[in-house]
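Here is a short briefing to read beside the sequence and the 3D view. The points are grouped by topic.

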Amino acid sequence: MAEEGGPAIELRQRKKPKSSENKESAKEEKINDTPVTERLPKHVLFQRFAKIFIGCLAAVTSGMMYALYLSAYHERKFWFSNRQELEREITFQGDSAIYYSYYKDMLKAPSFGRGVYELTHNNKTVSLRTINAVQQMSLYPELIASVLYQATGSNEIIEPVYFYIGIVFGLQGIYVSALFVTSWLMSGTWLAGMLTVAWFIINRVDTTRIEYSIPLRENWALPYFACQIAALTGYLKSNLNTYGERFCYLLMSASTYMFMMMWEYSHYLLFLQAISLFLLDNFSLEQSDKIHEVYKIYIFSLFLGYLLQFENSALLVSPLLSLIVVLMLVKCLQPNVKKRTFVAKIMKVINFHLVCTLTVTLNIIMKVFVPHNENEHMLKFLEVKLGLNMTKNFTMNWLLCQESLQAPSQEFFLRLTQSSLLPFYILVLIICFLSMVQVIFRRFNGESLEETVTLEDGRIGERPEVIYHVIHTIFFGSLAMIIEGLKYLWTPYVCMLAAFGVCSPELWTTLFKWLRLRTVHPVLLALILSMAVPTIIGVSLWKEFFPRLMTELTELQEFYDPDTVELMTWIKRQAPVAAVFAGSPQLMGVIKLCTGWMVTSLPLYNDDDLLKRNENIYQIYSKRSAEDIYKILTSYKANYLIVEDAICNEVGTRRGCRVKDLLDIANGHVVCEEGDKLTYSKYGRFCHEVKINYSPYVNYFTRVYWNRSYFVYKINTVISFQS
């Protein structure tokens, strides 16, 4: 009866027009639960609108100006508009030439579908191999660029090469704008964004590789990563409204997926980002639900990327997937424990250990059961780089000798110091890190954190977005200290974090609270310094570096390489269409772009077979017999061999890192370590001996063309070997 009467009583109560007490109490609860939205005065609304408008205008203008600067600098550097198409294409070196060559192939295809099919079943690039070039080389940027070029009718207005590099320069403008917005969101003033852009451009030698190699995958991908970080920064802010939160979430979803599609190594960077978010979540800083929404974005992007990247198994065995699966599983199994108790602290420690252990275990299991070609040579390289292993392998030692894979040079830190970036970055990082540690200790000691932190509190370490960026920059900075090439991931966010710090009154207040200033009110002094310091920095940067930037745009440079132009012209006129060329991988990339002829190797280092081919072809610069070289070349169906004088007589690099030195070490022709015996080769260096034109070299190779830099030999087809 009680169960039957309950609903009836409720219905009767709803019918009563009275019960003013209930209504009043409900109204009071509603008022207490939901914030009162008072209409702000018009002048306050106008100020906010003006601030946002000016900031957005400054961000867009900064990006556009940087893109135009890159275009003008590129024109001055290569004298691009006054060159023939062949000379323009030669400016694309190494792997950049390969990427651009496939863009050209897509434009030549009769239809988009046919072009994609030819790239996914490509047998016209590398001899004896059919490759899925789209998957193996991440050619999605070229697919998108070719579609845009034809769909927008740009083929009637602009040349393909200008459209291609224009897109990349435009993305770099978006990159700068995203850094601007990130610094603006964190500091609350667009002055920080302006300072970020200034530092980024002044230190562009260390912030981007766009000047050296335009089509690199990172130049396409990192702008999306910057947009993702800007959206994540806004998403983590505590005072964000519902509409802003949704916008940030959607932008973060789209940019995460695009970033993953543009670059094969993107999931490693997202893995570091996920670790940063996991640590933020583990510190119990009131952002757990938001962080788990970000985890869902990772899962969605990995799943969609796996499907659209031809079932890319590297995404299944990536540490990112293992970590996210474990984090979501632990979240579901985590018991509800009262916060700030001893049991809760113990559970935090257990949770941290469980996530680390299960992530490693799951990743190992995935690699055992999922067939994959994940870059194993990268792991071998890291073993040797960190001193965990020794090797005489040519490829490993060649990679170790690359300047971009060395530890950062003193000049790198000197450049950052001269622009005042490094000192202010260190200051900001120390203050934010110490404040973050202070907050974490307070939290673990059971103290409750305030929901809203005011400027007078001076606790910048309580802001979730600040904690994320501190962890983020420490991770990326640690990698950059090991491998200089990774500085391009770290230095842009050094610019952003330093600019945010010097423009943030909250950071200065935090510092002055620690110093316990008595003479001047900390907040007042912080407000003054947050305007004065960036202004002084900006004026000094303007005086010192702006004239240099203008000088770079006024100086006419010229990319002059007549020997390569002559070689490409000879190949197009004299070599048979079905000919296969062998030589250094860097030169093979240019040949593929400029002539379209098939080659034996490519300047790509994510494929074991290509790495082995590169090592074998490089034997033309070793102390091997003519017969050995002939067997190697004919095994790849090569018809022509190109010997480069610059490699054969290489003297520029430090001894031990020249190609011929590395080959001698790998072949055992020199002493590498103590205890090794010196082995003499009874043959001279092939690249020298073949030029002399004596037997047996003339029996295998016939010189058909030469200039100051290149010697081209036709590989004879009728040879009888007698052993």
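**Briefing**

Phenylalanine 112 lies in helix H6, residues 112–120. The model is predicted.

**Phenylalanine 112**
- The relative accessibility of phenylalanine 112 is 38%, so this residue counts as partly exposed.
- Setting aside residues up to four places away in sequence, phenylalanine 112 touches Met106, Leu143, Ser146 and Val147.
- Serine 146 is 34 residues from phenylalanine 112 in sequence. In space, the two are 8.4 Å apart, C-alpha to C-alpha.

**Serine 504**
- Serine 504 sits in the loop between helix H24 (487–502) and helix H25 (505–515).
- Serine 504 counts as buried because its relative accessibility is 1%, and buried means under 20%.
- Its contacts are Ile460 and Ser530, not counting residues up to four places away in sequence.

**The five-stranded sheet**
- Five strands form an open sheet in the order S2-S1-S3-S5-S4, with mixed pairing.
- Strand S2 (598–599) and strand S4 (701–706) are the edge strands, and each pairs on one side only.
- S4 and strand S5 (residues 710–715) run antiparallel and are joined by five bridges.
- Tyrosine 705 has valine 712 in S5 as its bridge partner.

**Helices across the sheet**
- Helix H28 (residues 585–594) lies across strand S1 (580–582), S2, strand S3 (640–644) and S5. Helix H28 runs at about 125 degrees to S3.
- Helix H30 (residues 626–635) lies across S1, S3, S4 and S5. Its angle to S4 is about 75 degrees.

**Aromatic rings**
- The model has 37 aromatic pairs, counted with ring centres within 6.5 Å.
- One aromatic cluster is formed by Tyr630, Phe686, Tyr694, Tyr697, Tyr700 and Phe701.

**Charges over rings**
- Arginine 204 has its charged end over the ring of tyrosine 73, 5.5 Å from the ring centre.
- Lysine 592 lies over the face of tyrosine 102, 5.2 Å from the ring centre.

Key
Residues are numbered from 1 along each chain as its sequence is written. This is a predicted model: local features need pLDDT of at least 70, side-chain atom pairs count only at pLDDT 80 or more; totals for chains, interfaces and linings use all residues. Side-chain values use heavy atoms; hydrogens and water are left out. Helices (H or I, at least four residues) and strands (E, at least two) are DSSP runs, numbered from the N terminus. Buried means under 20% relative accessible area, exposed over 50%, partly exposed in between (1.4 Å probe, protein chains only). Contact means heavy atoms within 4.5 Å. Two strands pair if DSSP finds at least two bridges between them. Axes are lines fitted to C-alpha atoms, for helices over the stretch in contact, and angles run from 0 to 180 degrees between N-to-C directions. Rings of Phe, Tyr and Trp (its six-membered ring) pair if their centres lie within 6.5 Å; planes under 30 degrees apart count as stacked, over 60 as edge-to-face and the rest as tilted. A charge sits over a ring if NZ of Lys or CZ of Arg is within 6 Å of the ring centre and within 35 degrees of the ring normal.
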